[in-house]
Amino acid sequence: MTATPIKFYQVGSRAVGNRLLPAELRTEQSSPDRSNALTSGHRACQGCGEALAARYVLDAAVRATSGRLITVNATGCLEVFSTPYPESAWQLPWMHSLFANAPSVASGVAAALAAQGRSDIRVLAQGGDGASVDIGLACLSGMFERDDDVLYVCYDNEAYMNTGVQRSGATPPFARTATTEALGPEPGASPGQGKDLARIAMAHEIAYVATATVAELHDLERKVRRAMQLRGARYLHVLSPCPLGWGTASHDTVRLARLAHRSGLFPIYEAIGGEVVDVLPIRDRVPVDEYLRPQRRYAHLFGDPPRPDLVARVQQLADRNVARFARWEGAGA
Amino acid sequence: MFQIRFHGRGGQGVVTAAELCAAAAFDGGHETLAFPSFGSERTGAPVTAFCRVDDRPILTREPVVRPDLVVVQDATLLHHVAVFSGLADGGTVVINTGRPLGDLGLDELAGTHRVECVPATELARRHTGRPVPNACLLGALAAVADVVAMPALEQAIGERFPGAVAAGNIAACRAAYELVRREAVLGA
Amino acid sequence: MREQQEGSRAVARVVARCRPAVVPAYPITPQTHIVEGLGLMVRAGELSPCRFLTVESEFAAMSAAIGASAVGTRTYTATASQGLLYMAEPLFNASGLGLPIVLTVANRAIGAPINIWNDHSDAMSMRDCGWVQLYAIDNQHAVDLHVQAFALAERISVPVMVCVDGFVLTHASEPIDVPDQDVVDAVLPDIRPRQRLDPAEPVTIGAMVGPEAFTEVRYLAQLDLLRALSEFPAVVAQLGAHTGREVGPVTRFGPESARTVVIALGSVCGTIRAVLEDGVDTDGVDGDGLGDVALLALTMYRPFPSAAIRAAVGDAERVIVLERAFAPGAGGIVTADVRGALTGRDLPLHTVVAGLGGRPITEAALRELFARARRDDLPDVQFLDLDERSVHAARTSGASS
């Protein structure tokens with residue numbers, strides 16, 4: 001009888017919980033002891049990518065710091081839906097100050113803890129793309145430049161969602177928002193604009209920069225753990241689809257995040273000291289079409305008349321990303 | 001109350017001069033106040049500083065309008081800025097210059113007020129290596145005004161500047177003091 | 001022990017003795033000597049433990065202070081003018097969150113046109129941000145006020161702004177007694193915050209408050225701020241027991257019988273006192289002229305000490321408010337508050353806007369002002385020392401500055 005290799009597809013899979021995996025390889029989310037730092041009862045929309053991302057990130061961070069963690073939150077959806085006074089969904093020390101200043105407030109928190117001799121307590125600051133890429137960019141850059149001991153997490157849903165889906169510096173080309181309507185010769189957001197905040201962070205040569213999505217839970221948790229093993233300024237950029245703003249079905253949040261990666265439009269990578277060290281390989285690359293079609297914010301690209309020329313320009317962006325990061329694919333241990 | 005007004009240009013230590021003067025007078029047991037009046041913040045712009053000395057607490061914050069003593073650290077200001085404005089009857093003037101009064105067009109002033117000319121920039125360069133005349137001129141000030149005594153002035157300079165710089169400034173200061181005292185003796 | 005020193009440096013020294021644990025710093029004229037002094041002390045190990053955070057803007061400075069204060073550490077920063085405006089959003093945030101931060105404002109005019117010299121337009125623009133506002137009359141007062149500010153802030157969980165006239169006080173060198181460390185420690189014990197971020201007892205700070213509760217939250221904040229009216233005299237007395245110096249929220253100088261009362265804030269009070277003590281006005285009358293004028297020096301502007309002002313005005317027949325700023329399109333700022341305090345009293349209230357953008361307020365101008373007051377010859381609102389000719393020339397030529 002010939003030996004037939006048995007492939008255990010479920011081992012090492014991306015499933016949240018998997019009893020076939022040893023405990024240390026399972027996700028924090030699969031643990032009944034997870035902190036539920038962001039617990040149930042908040043007012044987020046069904047399928048909210050940011051709520052999902054925040055829960056993933058903070059539970060992993062609480063585990064990595066043994067509960068010694070303080071969180072500073074910028075104004076935005078996350079802060080609004082999680083603290084409807086007199087209720088709060090946060091089960092860890094949490095503070096919200098203003099829209100632009102989460103990085104600065106976090107810098108102050110870290111400095112105070114250091115002055116008190118309590119640097120074992122770690123600091124995590126978080127905000128949406130608007131807070132991070134636009135109005136808070138000066139504060140974020142200052143925090144990077146000073147190398148303050150803060151992990152900053154950006155939940156990127158690619159527009160100002162809480163205020164009604166207006167365009168931000170992170171809004172991708174041709175996406176429809178309330179301030180970039182699908183009208184005119186170049187409908188939706190203008191191409192060529194938009195800040196790549198992860199690469200801006202890398203330019204500051206801080207200890208750790210990484211991108212992640214809500215579709216890659218193991219990868220995201222690993223990056224939070226890795227970040228928390230380091231000191232100094234660190235940055236994590238998490239793609240967090242917004243069903244309302246993107247015009248997608250609420251059950252498609254994880255699937256869309258995965259398609260963003262598989263299309264090449266959202267590279268997932270890590271950088272140490274400003275140099276890329278690892279890139280998550282794209283299995284089963286898909287054309288951008290497959291990612292864009294399910295989103296009503298891109299409906300005008302496929303309407304009457306369709307705009308294959310614009311889709312082609314998006315495809316070029318995806319191709320450029322893949323080429324840019326190709327040499328580091330799978331480089332990390 | 002004894003009021004002094006210092007005139008110079010940014011970068012010449014005019015404000016420091018007023019502060020050193022006040023420190024020395026305070027050391028002599030007086031109440032003092034020194035403060036600047038800035039023009040634009042740049043080197044070379046005219047700068048004025050004030051020093052008040054009294055035996056009761058000084059309350060007023062207005063600029064010195066009727067100085068008893070005017071110190072001119074930069075002679076190029078003489079006909080550009082009203083450096084003698086409000087000079088009290090019997091008031092004294094100390095000017096940083098090596099030129100005769102007539103050349104400066106100040107003969108008339110010398111007829112009504114005591115005017116002491118001291119080549120402070122030169123003295124400063126000789127004793128400190130730098131053409132900054134402020135501490136040096138204070139020596140002349142001490143020679144004409146009772147409110148500032150040389151020992152107190154030297155101590156103030158010593159506390160304000162580091163080692164060698166202080167020593168040089170003190171030497172220049174003494175030189176100016178001796179110069180004015182000698183002329184006073186000769187003049188009498 | 002009194003020593004001749006620059007106001008800014010004395011403020012830096014006393015703030016260091018208040019033991020702040022975090023000092024975010026961003027430079028702006030004329031406050032720079034204060035933060036430079038503190039930075040030097042931290043580097044030299046004289047102020048420890050303390051983190052000196054060189055931030056990238058005033059917005060970041062106050063934000064970092066908010067974070068540090070929320071963790072329960074004593075926090076301090078300084079600014080002026082445009083910098084105060086740039087931290088406007090965090091100022092309201094800090095008071096709304098009840099954080100006992102102390103801020104020095106080196107009063108400077110607000111542009112445009114850009115002007116680096118002294119007036120009160122900066123602090124006045126933030127009079128309603130929910131902070132306690134205190135104004136220093138001279139540099140000794142400025143030093144004492146900072147100790148009192150920390151003590152007060154921590155008693156009532158409200159941030160405190162100490163206003164020190166830019167250049168006029170910050171860059172003036174005078175004899176100042178900076179209280180010793182043991183004196184400061186006696187009146188300023190370890191900070192005990194009302195709440196703080198701590199993993200041992202997690203709290204949520206900065207929740208979203210809706211229409212059903214917002215009014216009550218703001219009303220409670222108002223009550224907290226009003227507590228300063230009684231708590232400030234208490235901290236003044238406490239420090240005064242060690243130093244022998246006590247300057248309360250409102251100080252009156254001059255005879256009880258004075259028929260004219262001048263109300264002023266900040267360093268101009270010293271000049272006014274000098275004029276009154278001289279006792280000679282432009283009518284050439286010795287004594288009687290200025291003997292009929294009293295000064296009310298306001299140390300506390302927010303909360304507004306209405307009752308104390310009303311009592312101090314007493315039976316005066318006219319009040320002059322000497323303003324170092326004004327409300328464009330409206331008139332006096334402090335005047336409006338004074339008018340409120342004097343509700344029911346029917347007496348003339350004159351606004352004098354003086355010293356804008358660093359224009360010196362001279363004794364001569366003040367003497368003439370008081371002489372005109374005695375003759376009942378004052379308009380409701382005037383700009384002291386206005387150059388009527390150049391104003392007229394500008395208006396008739398049709399040119400604007």
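Biologist: Where should I begin with chain C, and how many helices and strands does it have?

Modeller: Bear in mind throughout that we are reading a predicted model. Chain C has 16 helices and 16 strands, and its C-alpha atoms fill a box of roughly 70 × 50 × 40 Å along the principal axes. Of its 401 residues, 55% count as buried.

Biologist: What does the radius of gyration say about chain C?

Modeller: A compact globule with 401 residues would have a radius of gyration near 21 Å, and chain C has 21 Å, so the value agrees with that expectation. Among the contacts in chain C between residues at least 6 apart in sequence, 80% join residues at least 24 apart.

Biologist: How should I read a sheet, and what is the strand order in the open sheet of six strands in chain C?

Modeller: Strands of a sheet pair through backbone hydrogen bonds, either parallel or antiparallel. In chain C the order is β10-β12-β11-β14-β15-β16, with mixed pairing. The edge strands are β10 (250-253) and β16 (381-383) of chain C, each of which pairs on one side only, and the twist from one strand to the next averages 20 degrees. Within this sheet, β11 (residues 260-265) and β14 (residues 318-323) of chain C pair in the parallel sense over four bridges, and V261(C) has V319(C) in β14(C) as its bridge partner.

Biologist: Which strands does helix α13 of chain C touch where it packs on the sheet?

Modeller: Helix α13 (residues 306-313) of chain C touches β10, β11, β12 (293-298) and β14 of chain C, and its direction makes about 10 degrees with that of β10(C). Helix α14 (residues 334-341) of chain C also packs on the sheet, touching β11, β14 and β15 (349-353) of chain C, with a direction at about 150 degrees to that of β14(C).

Biologist: Which strands form the open sheet of nine strands, and in what order?

Modeller: The order is β8(A)-β7(A)-β5(A)-β6(A)-β4(A)-β3(A)-β1(A)-β2(A)-β9(C), again with mixed pairing. Because β8 (275-279) of chain A and β9 of chain C stand at the edges, each with a single partner strand, one side of each is left without a neighbour in the sheet. The link between the chains is made by two bridges, which join β2 (residues 94-96) of chain A to β9(C) in parallel; I205(C) in β9(C) is the bridge partner of M95(A). Elsewhere in this sheet, β3 (residues 122-128) and β4 (residues 151-156) of chain A pair in the parallel sense over five bridges, with A125(A) opposite Y152(A) in β4(A).

Biologist: How many residues does each chain bring to the contact between chain C and chain A?

Modeller: The size of an interface is often given as the accessible area lost when the parts come together. Here we can count residues instead: 37 come from chain C and 37 from chain A. On the side of chain C, the elements that each supply at least two residues include β2 (22-25), β3 (51-54) and α5 (88-96), while α3(C) gives the most, with nine residues. That side divides into 25 nonpolar, eight polar and four charged residues.

Notes:
Residues numbered from 1 in each chain as written. Chains lettered and ligands numbered in written order. Predicted model: local features only at pLDDT ≥ 70, side-chain atom pairs only at ≥ 80, totals over all residues. Contact = placed C-beta atoms within 7 Å. Nonpolar A, V, L, I, M, F, W, Y, C, P; charged D, E, K, R; others polar. Pairing = 2+ DSSP bridges. Axes fitted to C-alpha atoms, helices over the stretch in contact; angles between N-to-C directions. Rg over C-alpha atoms; globule rule 2.2 N^0.38 Å. Buried ≥ 20, exposed ≤ 12 C-beta atoms within 10 Å, placed from the backbone.
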